[in-house]
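I set out to look up the strand order, the first helix and the salt bridges of this chain. My entries follow the display.

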Amino acid sequence: MEVSKLSAEARQRRSSEIRAFLRSRRARLTPADVGMAAGSGRRTPGLRREEVAVLAGVGVSWYTWLEQGRDINVSAEVLDAVSRVLRLDATEREHLYLLAGLNPPQAAPADRVVPTGIRRVIDGWLPRPAYVIDRHWNLVAVNRAAQLVFDYGELDHSCLVSFFTSAHFRSALCGWEDAARQIVGLFRADAARYPDDPEFGRLAEDMCAASPAFATVWAEHPVGAATEGVKSLVHPAVGELTFDYTMLPVSDLPGARLLLYTPTEGSPTEARVVGLLDAGERAAVPAS
């Protein structure tokens, strides 16, 4: 998809940027890096334009025009081929798309593990709950407080599924109906953000079949984008817990979010969560 039209000054600046960018990426590779013979009498550091064009399967003139920043029609397939030849990483590939005047394609769902730094944040957030959900709302990292407060067990792989199918969660959460509408709105907004990802359609279909409540709200087409709010629930062991929560994107996992819960000021929530953690640790210690 083509990005919005630019002014003449912006086009000139972008042409200069793409020229410098592609030249720098050609210069960092040698013929040996791409399996080509170096030959003799090379005066160009790195790969030549003609070599990039041949390896990418595009015309030499066309690649030259691309590198010069000329106003030409460029396809995502060609940019991907050039990115492959120049061994661009994900960030560099996105940069090339933008310089060429195209919107970068949405990243594929991340299969990588949660970054170590994010796991440290989650564990360091104790005694407060924290967890990470991926693009499809699967729980990919959950700290101990979140497990105890929200009753996330080994079978809870998706917070979306748990929210709408767990009778315990529905009875414990205060204002469940309002929260349901907000969650469905966020999920619908995510689905629109990734139109080429069929998993959202499958999830929505499965959820409508599994939960009449989800189906009812889904049919109303709510759309949301809340990144913070308040969540209150009644825990069977310690009573009412009230949290202010913040939702943050995880840049290394496209589409993933980090949710951090802070006990509402003036409430006994933090002390009660600490009590839950202490009780959980005692229960985990085998009797002597």
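Predicted model: local features only at pLDDT ≥ 70, side-chain atom pairs only at ≥ 80, totals over all residues.

Entry 1, the sheet. Strand β1 (residues 130–133) pairs with strand β5 (residues 257–263) in the antiparallel sense, over four bridges. I looked up I133 and found its bridge partner in β5 to be R257. I then traced the whole sheet: it is open, has five strands and runs in the order β2-β1-β5-β4-β3, with antiparallel pairing. At the edges I noted β2 (139–142) and β3 (228–235), each of which pairs on one side only. From one strand to the next, I recorded an average twist of 25 degrees.

I took the span of α1 (residues 8–27) next: its 20 residues reach 29 Å from first C-alpha to last, close to the 28 Å expected at 1.5 Å a residue. Which residues of α1 are buried? I listed A10, S15, I18, F21, L22, R25 and R26. These lie on the same side of α1, because the arc they cover around the axis is only 140 degrees. On the other side of α1, I found E9 and Q12 exposed. The cover over the buried residues includes α2 (49–56), α3 (60–67), α4 (76–85) and α5.

I located E92 in helix α5 (residues 90–99). With a relative accessible area of 12%, E92 is buried. Leaving aside residues up to four places away in sequence, I found E92 touching F21, R25, R28 and R87.

My search of the whole structure returned 13 salt bridges. I examined E67 and R49, whose side chains meet at 3.1 Å, N to O. This pair links distant parts of the chain, with E67 in helix α3 and R49 in helix α2, 18 residues apart.

The side chains of R128 and E270 form a salt bridge at 3.4 Å, N to O. R128 lies in the loop between α6 (116–124) and β1, and E270 in helix α13 (residues 269–284), so the pair ties together parts 142 residues apart in sequence. I recorded R128 as partly exposed at 25% relative accessibility and E270 as partly exposed at 30%. For E220 and R181, I found the closest N and O atoms 2.4 Å apart in a salt bridge.

Terms used: Residues numbered from 1 in each chain as written. Heavy atoms only, no water. Pairing = 2+ DSSP bridges. Helix = DSSP H or I, 4+ residues; strand = E, 2+ residues; numbered from the N terminus. Axes fitted to C-alpha atoms, helices over the stretch in contact; angles between N-to-C directions. Buried < 20%, exposed > 50% of the residue type's maximum accessible area, 1.4 Å probe, protein only. Contact = heavy atoms within 4.5 Å. Expected span 1.5 Å × (residues − 1). Arc of directions from axis to C-beta. Salt bridge = Lys/Arg side-chain N within 4 Å of Asp/Glu carboxyl O.
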